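User: Could you take me through this model step by step, from its overall make-up to its ligand site and its strand pairing? I would like each answer to end on the value or name that I ask for.

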Amino acid sequence: MAELEITSISKSFGTVEVLRDVNLKIRSGEFVVFVGPSGCGKSTLLRMITGLETESSGDIHIDGKRVNEVDPAKRGTAMVFQSYALYPHMTVAENMGFGLKMAGEPKNVIREKVAQAAGILRLEQLLDRRPGQLSGGQKQRVAIGRAIVRNPKVFLFDEPLSNLDAELRVQMRAELIDLHRRLGATMIYVTHDQVEAMTLADRIVVMHGGVVQQYGRPLDLYDDPDNRFVAGFIGSPKMNFLDAAVNEVGSDHVTLGNIGGSGRTLRLPFRGFDASVKQVVLGVRPEHVSLGSGGPDELPVTVSFAEELGDVTYIHGKLPAGNPLIIRSDKGRHDGQDTCAVTLDSHGLRLFDAAGRRLRESRT
Ligand code: ADP
Ligand code: MG
C-alpha cells in the first residue's frame with residue numbers, strides 16, 4: 001500500500017507532445033482508473049510510474065519518495081499487461097515465481113509465496129500446467145499472480161482484460177474488485193472502456209490528447225462533468241448535445257432559443273449565467289428526455305429507429321434541423337410511430353460554451 005503523487009508531468013517523443021502537465025494524487029489503497037480513447041497517453045503515463053519510460057519534465061513520488069531516477073525493479077510497482085507476457089516453456093508456478101527467483105529469493109520462500117497467490121487467485125490446481133494449456137482468463141490470472149507474489153506497493157494494470165470475451169471480462173472485473181478489497185493495495189488500471197472504468201474505479205482519471213480532463217468519482221463524472229468531452233465519453237448511450245442560442249439572461253434564469261435547430265425556446269433556472277455567452281451547447285442524457293403528449297413546448301422528433309432491449313428502449317431520432325437525439329423509454333416498447341414529441345427534464349440539463357467548457361451556476 002502506498003500513495004502516489006504525480007506532479008507537472010509532461011512527455012514528448014521527439015517533437016510530439018503526448019502528455020501535458022499531468023497532476024494527480026492517488027491515495028493509499030485507492031483503485032484509480034485511467035480512461036480515454038486510444039492514443040491519449042494512458043500507457044505512457046503508466047509506464048512512467050513503473051519506470052519503463054522517462055519523463056520529459058515533472059516528478060513522481062511513491063510514498064513521499066521521489067522515484068524519477070529509481071530503477072524499475074526497486075520502485076515497488078508491479079505491472080500486468082494485456083498480452084499476459086508469460087513464458088511458454090515454464091509452468092504456471094515457475095512463471096509466477098520467476099521474478100522472485102531472479103531477485104535471488106530462496107526456493108522455499110518462492111514456493112510459499114506462489115502457493116499463497118495461487119490460493120487467492122484459485123490457481124492451485126493449475127500450478128503444473130504450461131500457459132498453452134490455459135484459457136485466456138486463467139492466463140490473465142497467472143499474470144496477476146506474478147504481480148501479487150512480489151507484494152508491490154502499487155499494482156499497475158494496462159488493459160489486462162481486453163483480450164477476453166465479453167462474458168469473461170465481466171467475471172474478471174468482479175474478481176479484480178474482490179482482489180482489491182482483499183489485498184487493500186493501491187491499484188492503477190488503464191482502459192479505453194468507460195464501462196470498465198465506471199465499474200472498477202474508486203476514482204477515474206479521464207484523459208484526452210495527453211491532458212487530464214477530469215479526476216473524480218464515477219458518478220460525479222457522470223452527473224457533473226467539467227467539459228463536453230467528459231460528458232460525451234462517460235455514459236452509454238452517449239449524452240445528447242443540442243446547439244442553442246442565448247435569448248435572454250436573468251439573475252436566476254436563462255432563456256435558450258432555437259433548441260437543436262427546432263425553433264423552440266426553453267427557460268432554465270440558472271443563477272449567474274455569464275451574459276457574454278451568446279451560444280451554448282445543451283447536454284442532456286437519454287434518461288432526461290421524456291416522451292411528451294404533443295404540447296406546444298415539446299420538441300418534435302422524427303424517429304430513425306428504436307433499440308428494444310426488453311427492459312428499456314432507446315429511440316434514435318432527429319430534431320427538425322437534423323440534430324440527432326436519443327430518448328430512453330422505460331416502457332420497454334416503442335409503439336412504432338415514426339414521429340414523437342419530447343420534453344427535456346430541466347434538472348438533467350448541462351450547459352457548455354462553444355469551446356466545450358462547462359457553464360456552472362454561481363454558488364453565491
Ligand atoms: P494509450 O495507451 O492511451 O492508447 P499511449 O500512451 O500508448 O496511448 O500513446 C500515446 C501517444 O504517444 C500515441 O500517439 C503514441 O503513438 C505515442 N507514442 C507512444 N510510445 C511512443 C514511442 N516510443 N515513440 C513515439 N511515439 C510514441
Ligand atoms: Mg495503451
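The turns below go through a predicted model, beginning with the chain as a whole.

User: How many helices and strands does the secondary structure of the chain come to?

Analyst: This is a predicted model, and along its principal axes the C-alpha trace of the chain spans about 80 × 45 × 35 Å. Within that trace, the secondary structure comes to 8 helices and 21 strands.

User: What percentage of the residues of the chain count as buried?

Analyst: The accessible surface of the chain comes to about 17500 Å², and 48% of this surface belongs to carbon and sulfur atoms. Among contacts between residues at least 6 apart in sequence, 64% join residues at least 24 apart. A residue counts as buried when its relative accessible area is under 20%, and of the 364 residues of the chain the share that counts as buried is 49%.

User: Which helix gives the most residues to the shell around ligand 1?

Analyst: The residues that surround ligand 1 are Phe13, Val18, Pro37, Ser38, Gly39, Cys40, Gly41, Lys42, Ser43 and Thr44. Sorted by class, this shell has 4 nonpolar, 5 polar and 1 charged residues. The element that gives the most to the shell, with 3 residues, spans residues 42–50 and is helix α1.

User: What part of the area that ligand 1 exposes when taken alone does the protein bury?

Analyst: Oxygen atoms of ligand 1 lie 3.2 Å from a polar backbone atom of Cys40 and 3.0 Å from a polar backbone atom of Gly41. For the side chain of Lys42, the distance from an N or O atom to an oxygen atom of ligand 1 is 2.9 Å. Taken alone, ligand 1 exposes 560 Å², and the part of that area buried by the protein is 55%.

User: Why is α1 described as largely enclosed by the rest of the structure, and how many of its residues are buried?

Analyst: The buried residues of α1 are Lys42, Thr44, Leu45, Leu46, Met48, Ile49 and Thr50. Just after α1, Gly51 takes a positive phi of about 95°. The helix is described as largely enclosed by the rest of the structure because the number of its 9 residues that are buried is 7.

User: Is Phe229 buried, partly exposed or exposed?

Analyst: Phe229 has its place in helix α8, which covers residues 228–233, and, leaving aside residues up to four places away in sequence, Phe229 touches Pro37, Val206, Met207, His208 and Gln213. One of these, Met207, is 22 residues from Phe229 in sequence, and the two are 9.4 Å apart in space from C-alpha to C-alpha. Buried would require a relative accessible area under 20%, and exposed one over 50%. Since the relative accessible area of Phe229 is 23%, Phe229 is partly exposed.

User: Which residue in β21 stands opposite Leu351?

Analyst: Strand β20 (residues 349–352) is covered on both faces, with Leu349 and Leu351 buried on one side and Arg350 and Phe352 buried on the other. Towards β14, residues 279–284, β20 is joined by 4 bridges in an antiparallel arrangement, and there Leu351 is the bridge partner of Leu282. Towards β21 there are 2 bridges, also antiparallel, and the hairpin of β20 and β21 has 5 residues between the strands, with Gly356 at a positive phi near 90°. In β21, the residue opposite Leu351 is Leu359.

User: Which residue in β19 is the bridge partner of Val301?

Analyst: Strand β19 (residues 339–344) pairs with strand β15 (residues 289–291) in the antiparallel sense over 3 bridges, and in this pairing Val289 stands opposite Leu344. Strand β16, residues 299–308, runs antiparallel to β19 and is joined to β19 by 4 bridges. In β19, the bridge partner of Val301 is Cys340.

Note on methods
Residues are numbered from 1 along each chain as its sequence is written. Chains are lettered from A and ligands numbered from 1 in the order in which they are written. This is a predicted model: local features need pLDDT of at least 70, side-chain atom pairs count only at pLDDT 80 or more; totals for chains, interfaces and linings use all residues. Side-chain values use heavy atoms; hydrogens and water are left out. A residue is near a molecule or strand if one of its heavy atoms lies within 4 Å of it. A polar contact is a pair of N or O atoms within 3.5 Å; within protein, one must be able to donate a hydrogen and the other to accept it, and residues adjacent in sequence count only if both atoms are side-chain atoms. Accessible areas come from the Shrake-Rupley method with a 1.4 Å probe; for residues, only the protein chains shown count as cover. Ala, Val, Leu, Ile, Met, Phe, Trp, Tyr, Cys and Pro count as nonpolar, Asp, Glu, Lys and Arg as charged, and the others, Gly among them, as polar. Buried means under 20% relative accessible area, exposed over 50%, partly exposed in between (1.4 Å probe, protein chains only). Contact means heavy atoms within 4.5 Å. Two strands pair if DSSP finds at least two bridges between them.
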